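Please open the model in your viewer and keep the sequence panel beside it.

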2 protein chains.
Amino acid sequence: MSGDAPLGAFEEQVMLAVIHASADAFGMNVRRELETRTGRDVAIGAVYSTLDRLEAKRLIASSRTRGGSASRRLFRVTASGMRALAATRAMRDALWVGVNLSLSS
Amino acid sequence: MSGDAPLGAFEEQVMLAVIHASADAFGMNVRRELETRTGRDVAIGAVYSTLDRLEAKRLIASSRTRGGSASRRLFRVTASGMRALAATRAMRDALWVGVNLSLSS
DNA sequence: CCAGCAATGTCTACATTGTAGAATAGCCTT
DNA sequence: AAGGCTATTCTACAATGTAGACATTGCTGG
């Protein structure tokens with residue numbers, strides 16, 4: 001039993017951004033990934049608090065790195081997180097089946 | 001301005017359920033649609049409060065019907081709601097591109 | 001007719017997510 | 001050592017998500 005509570009919309013986005021950023025998945029980069037892919041502005045605070053909450057739920061995990069400049073937290077999606085993503089997508093897909101958006105009012 | 005704020009996960013689900021229920025899209029039926037398609041339990045209060053909030057944002061609209069049993073509210077997704085759905089999906093698709101959920105651990 | 005059941009919808013309250021921006025902290029440059 | 005980066009943490013509050021009690025209407029059996 002790993003993930004009963006469904007992912008929120010932003011939580012899902014953040015997790016996907018972490019996956020895309022892969023080896024460079026620290027906060028600032030996750031935000032960048034989010035902004036370039038969605039075209040929206042994302043407040044840095046929104047990213048970190050969501051990251052924190054996802055970590056508390058063990059859907060992602062983080063580790064410190066002291067490479068170049070400042071100390072950073074590197075995030076990765078856990079197996080449990082992957083499952084949650086899959087479940088979220090499956091559930092949504094079930095609802096999108098057969099929906100055609102070109103309907104007029 | 002019709003839709004700057006992104007849809008929440010549950011909001012999106014409810015709108016899709018309204019579309020599926022089409023001619024019978026009143027509260028109880030929307031809930032049923034949601035439950036059968038997603039396999040989750042959905043509290044009736046959750047459905048109605050979300051429906052109300054979506055209506056306040058003009059993403060759906062409702063009308064009363066006095067058909068058989070009790071008076072019911074029939075919902076439909078507005079054009080603006082359709083646009084919001086499309087935008088939500090587009091944004092998410094952009095993040096899902098190239099993501100492969102194959103798990104190892 | 002009236003009590004009560006069934007179906008639908010409303011209301012209230014609270015938990016979780018979403019969002020914003022200021023405050024901190026280490027490093028690098030000058 | 002002061003100033004400026006980059007990155008993260010903290011604080012606060014708004015919006016969404018969730019639950020369940022309660023009200024309303026009409027129908028039905030007695």
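Begin in chain B by selecting B:Val14, B:Met15, B:Ala17, B:Val18, B:Val30 and B:Ile60, the residues with the most contacts inside the largest nonpolar core, which has 24 residues. A nonpolar core here is a set of buried Ala, Val, Leu, Ile, Met, Phe, Trp, Tyr and Cys residues joined through C-beta atoms within 7 Å, and a residue is buried if 20 or more other C-beta atoms lie within 10 Å of its own, exposed if 12 or fewer, and partly exposed in between, with C-beta atoms placed from the backbone. The elements that give two or more residues to this core are α1, α2, α3, β2 (72-77) and α4 of chain B, and the largest share, seven residues, comes from α1(B). Helices (H or I, at least four residues) and strands (E, at least two) are DSSP runs, numbered from the N terminus.

Before going further, note that this is a predicted model, in which local features need pLDDT of at least 70 and side-chain atom pairs count only at pLDDT 80 or more, while totals for chains, interfaces and linings use all residues. Residues are numbered from 1 along each chain as its sequence is written, and chains are lettered from A and ligands numbered from 1 in the order in which they are written.

Now centre the view on B:Ile60. Leaving aside its neighbours within four places in sequence, B:Ile60 is in contact with residues including B:Met15, B:Val18, B:Leu51, B:Phe75 and B:Val77, where contact means that the C-beta atoms of two residues, placed from the backbone, lie within 7 Å.

Next, colour chain A by secondary structure. Chain A has four helices and two strands, which follow the pattern α-α-α-β-β-α along the sequence, and buried residues make up 31% of its 105 residues.

Then show both chains together and turn to the place where they touch. The contact takes 23 residues from chain B and 22 residues from chain A. On the side of chain B that touches chain A, α1 (9-21), α2 (27-38) and α4 (79-96) of chain B each give two or more residues, with the largest share, eight residues, coming from α4(B). Chain B can be laid on chain A with an RMSD of 0.0 Å by a turn of 180° and a shift of 0.0 Å along the axis, which is the relation of a two-fold axis; the copies are superposed by least squares on the C-alpha atoms of residues with pLDDT of at least 70 in both. To locate that axis, select B:Ala9, which of the residues of chain B comes closest to it, at 2.5 Å (C-alpha).

Finally, bring the DNA into view. Which residues come nearest to DNA strand D? Of the 27 residues around DNA strand D, they are A:Gly27, A:Tyr48, A:Arg72, B:Gly8 and B:Gly45, a residue being near a strand if its C-beta atom, placed from the backbone, lies within 6 Å of it. The element that gives the most to this surface is α3(B), with six residues.
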